[in-house]
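Q: Can we go through this model together? I'd like to start with one loop and then move on to strands and helices.

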Amino acid sequence: MRDDVVVVGGGLAGSEAAWQAATRGAKVTLYEMRPKEPTPAHKTGLLAELVCSNSLGSGDPASAPGLLKAEMRRLNSLIMRAADAARVPAGAAVAVDRERFSQHVTQTLAGHPNIRILHEEVTEIPRDCVSIIATGPLTSDGLAAAIRACTHEKSLYFYDAISPIIDADSIDMDRVFRASRYDKGTADYLNCPMDRATYEVFYDALMKAEKVQPKDFEKTPYFEACIPIEVMAERGPQTMLFGPLKPVGLEDPKTKTRPYAVVQLRAENAHGSCYNMVGFQTKLTYPEQRRVFRMIPGLERAEFLRYGSLHRNTFVNAPRLLHDTLQLKVRGTTFLAGQLVGVEGYTESAAIGGLAGINAARGLAGLPLLTPPPTTAHGSLINYITTCDPQHFQPINTNYGLFPPLPGRVKDKEEKRRQIGERALKDLDAWIMRSGLS
């Protein structure tokens with residue numbers, strides 16, 4: 001076995017992984033194929049190049065993304081150091097000067113005595129070392145084939161077909177009913193019933209709603225199993241009634257009749273704190289999702305923890321394939337990080353990269369591997385991607401719906417989030433101290 005940690009991919013996740021491993025004493029070899037092998041989205045050969053936006057999301061400590069950033073700072077994150085150094089005015093958002101940000105990351109890693117950077121393409125998962133694969137949504141064809149061979153083809157995806165997730169507390173439970181079709185099994189779904197008039201108004205709004213126009217490299221073929229809801233609607237007014245909105249096998253207990261249409265919500269986690277809109281993957285813009293989907297009975301005040309989307313991506317079925325230490329179950333010396341594990345967003349990718357780097361360095365040194373408490377933003381992400389139902393796994397960004405509930409019910413939303421944040425930072429600090437990471 002080689003005596004270094006090999007990190008494949010120099011995006012935000014790979015850069016953070018290399019930094020965390022190197023600062024904990026590990027020798028690191030970081031492979032980034034750019035600029036020798038370009039991608040359709042990147043423009044430079046710099047590490048941690050931001051592609052789609054210069055924003056890393058909210059920095060508000062009262063928000064879930066802001067809480068994740070606060071945790072990363074406590075873990076000495078390079079990505080957050082670079083973001084703070086290159087920050088530009090953007091209200092509560094952490095927006096950066098892209099070039100300064102990437103230059104900061106590149107120069108810091110290039111100057112670290114434990115890090116060697118090689119601009120070469122890697123097409124196989126290394127077998128003779130501890131490795132971290134962090135190649136992101138534009139993973140090269142060669143390496144994607146190697147991941148597919150290692151993890152089995154059905155557990156590797158090349159596109160996101162994501163339905164919105166809604167905060168359970170924002171659902172009007174008086175307007176929905178709990179049931180499964182034909183009363184088979186337990187009543188696992190919340191059902192939003194529509195009469196004909198309501199459905200027709202919803203259908204008309206859906207047809208006229210504004211859609212996101214994909215970049216050339218993001219264009220993906222539609223698969224029948226994940227077709228956007230608005231594309232389904234374009235096939236005719238009745239098409240959705242034979243798809244995700246079919247009312248067959250469901251009876252509204254209030255009217256004792258079958259609704260004209262039904263939108264089903266499926267619990268996204270064991271806590272029942274958030275629900276997925278079944279079959280509602282979409283390319284509507286975020287404002288249009290809020291406007292149109294709030295026309296559904298019971299969702300008039302819906303708070304969206306994640307919006308729907310469909311775009312180019314490469315990710316594995318993490319609950320089937322990964323331990324909560326981010327190791328592949330089939331190969332314990334290989335860690336995955338970033339969007340490959342099924343997280344969405346720059347900050348989330350970097351955070352997961354950091355954890356992979358910490359564990360890779362510990363594994364190389366023969367130390368026990370670590371998983372942060374599920375009450376933290378880091379731990380709630382890990383818990384979601386490794387324990388949710390693999391049959392319905394979809395990539396996720398950090399949100400309050402992923403956190404375990406507080407011991408007592410707190411009705412005020414802002415107070416609830418404040419208490420979740422305080423608990424997260426307290427538990428993270430204790431974990432850092434207990435694990436010797438400080």
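**Loops, strands and helices**

A: Pro35 lies in the loop between strand S2 (27–31) and strand S3 (55–58). Helices (H or I, at least four residues) and strands (E, at least two) are DSSP runs, numbered from the N terminus. This is a predicted model: local features need pLDDT of at least 70, side-chain atom pairs count only at pLDDT 80 or more, and totals for chains, interfaces and linings use all residues. Residues are numbered from 1 along each chain as its sequence is written, and side-chain values use heavy atoms, with hydrogens and water left out.

Q: Is the peptide bond from Arg34 to Pro35 cis or trans?
A: The bond from Arg34 to Pro35 is cis, with omega near 0°. Most peptide bonds are trans, and most residues other than glycine have a negative phi.

Q: What is phi of Ala48 near?
A: Ala48 has a positive phi near 55°, and it is a residue other than glycine. Ala48 is also in the loop between S2 and S3.

Q: Buried or exposed, that Ala48?
A: Ala48 counts as buried because its relative accessibility is 0%. Buried means under 20% relative accessible area, exposed over 50%, and partly exposed in between (1.4 Å probe, protein chains only).

Q: OK, strands. How many of the 7 residues of S12 are buried?
A: In strand S12 (residues 261–267), 6 of the 7 residues are buried, so the strand is largely enclosed by the rest of the structure.

Q: Which strands does S12 pair with?
A: S12 pairs with strand S11 (residues 189–194) in the antiparallel sense over 6 bridges. S12 also pairs with strand S13 (residues 274–277) in the antiparallel sense, over 3 bridges. Two strands pair if DSSP finds at least two bridges between them.

Q: Which residue in S12 is the bridge partner of Leu190?
A: The partner of Leu190 is Leu265. Towards S13, Ala267 stands opposite Tyr275.

Q: And what sits between S12 and S13 in the hairpin?
A: There are 6 residues between the strands, and Gly272 in this hairpin takes a positive phi near 65°.

Q: Switching to helices. At what angle do H1 and H3 pack?
A: Helix H1 (residues 12–22) and helix H3 (residues 78–85) pack at about 115°, with axes 8 Å apart. Axes are lines fitted to C-alpha atoms, for helices over the stretch in contact, and angles run from 0 to 180 degrees between N-to-C directions.

Q: Which residues meet there?
A: Leu12, Ser15, Glu16 and Trp19 in H1 meet Leu78, Ile79 and Arg81 in H3. Contact means heavy atoms within 4.5 Å.
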